[in-house]
Amino acid sequence: MAVRTPDPNPGWLSDEELQQARERLPILYVEAIPVRLDGMGQVTEVGLLLRMNEQAEITRTIVSGRVLRGERVRDALYRHLEKDLGPMAFPQLPASPVPFHVAEYFPLPGDGLFSDDRQHAVSLCYIVPVTGTCDPRQDALELTWLRPEAAASEIVASEMEGGRGSLVRAALAHCGALR
C-alpha cells in the first residue's frame, strides 16, 4: 500500500476544485481598506491598490482574499494584508474582528450592488489602519494613498471593479471621514 504524503496546504483547493466550489456555493472572503490615521484617530489617507485585471486593464482595488478552511478570520485578514501590502505595513487589526460591512457579490449583474462574474461570494469588510511602509506584492502594481474625498470620488469609483468604489465610500462614511 502506497504511503500518501500529507497535503502541506490542506485549506487550499486545486483550480478545478475551486471552480467546482464556486459553481455550487458562496465563497467566504475578507476585504480590507487600509487607512492612515492622525493623532486623533481620524482617517487622513486611504490606500488603494493598482492592479491589472484579466482583460489587461489597469484597475484600482482593495485588499481582498479568501478565508481558507480551518483559518480564523483574523488570520485570513492579516495574511491578505501582508500579502498585498508587504511585511512592513504593520496593520493594526481590531481587538474584536467585527466587520463594518458584509458585502455579497453575485455573478450576474443586477443581482446586487456588488458583482463578481466568477462566483457568489460573501465578504467580511474591514477598515484597517496601517502604520508602516507599504510595499505591494503579489499582483499589485502599486499602492496609492489618497485623501478620503479623492478616494470617495466618482472618478476613483469608476476605476474599481465589482462595486468596490461603493464599499470604499461606505467605509469612509462609517468612520466619519466624509464631510
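How many nonpolar, polar and charged residues does the lining of the largest pocket have? Its lining has 10 nonpolar, 10 polar and 14 charged residues. Keep in mind that this is a predicted model.

**Stop 1: the largest pocket**

Start by selecting E54, D116, R118, E161 and R164. Of the 34 residues that line the largest pocket, these lie nearest its centre. The pocket has a volume of about 970 Å³.

Next, colour the elements around the largest pocket. Helix α2 (73-85) is one contributor, and α1 (15-24) is another. Strands β2 (43-52), β3 (58-61) and β4 (63-66) also each supply at least two lining residues. The largest share, four residues, comes from α2.

**Stop 2: E31**

Now move to strand β1, residues 27-37, and pick E31. Is E31 buried or exposed? E31 has a relative accessible area of 1%, so it is buried.

Show the side chain of S123 as well. A polar contact of 3.0 Å joins it to the side chain of E31. Then display the wider surroundings. Beyond its sequence neighbours up to four places away, E31 touches residues including I62, L77, Y105, C125 and R164. R164 is also among the residues nearest the centre of the largest pocket.

**Stop 3: the aromatic pair**

From E31, step to Y105, one of its contacts. The structure holds one aromatic pair, and Y105 and F114 form it. Their ring centres are 5.3 Å apart.

Conventions. Residues are numbered from 1 along each chain as its sequence is written. This is a predicted model: local features need pLDDT of at least 70, side-chain atom pairs count only at pLDDT 80 or more; totals for chains, interfaces and linings use all residues. Side-chain values use heavy atoms; hydrogens and water are left out. Rings of Phe, Tyr and Trp (its six-membered ring) pair if their centres lie within 6.5 Å; planes under 30 degrees apart count as stacked, over 60 as edge-to-face and the rest as tilted. Buried means under 20% relative accessible area, exposed over 50%, partly exposed in between (1.4 Å probe, protein chains only). Contact means heavy atoms within 4.5 Å. A polar contact is a pair of N or O atoms within 3.5 Å; within protein, one must be able to donate a hydrogen and the other to accept it, and residues adjacent in sequence count only if both atoms are side-chain atoms. On a 1 Å grid over the protein atoms alone, a cavity is a set of points where a 1.4 Å probe fits but cannot get out, and a pocket is an open set with protein on both sides within 12 Å along at least five of seven lines; lining residues have an atom within 4 Å of a point. Grid points are joined across faces, edges and corners, and a volume is the space filled by probe spheres set on the points. Ala, Val, Leu, Ile, Met, Phe, Trp, Tyr, Cys and Pro count as nonpolar, Asp, Glu, Lys and Arg as charged, and the others, Gly among them, as polar.
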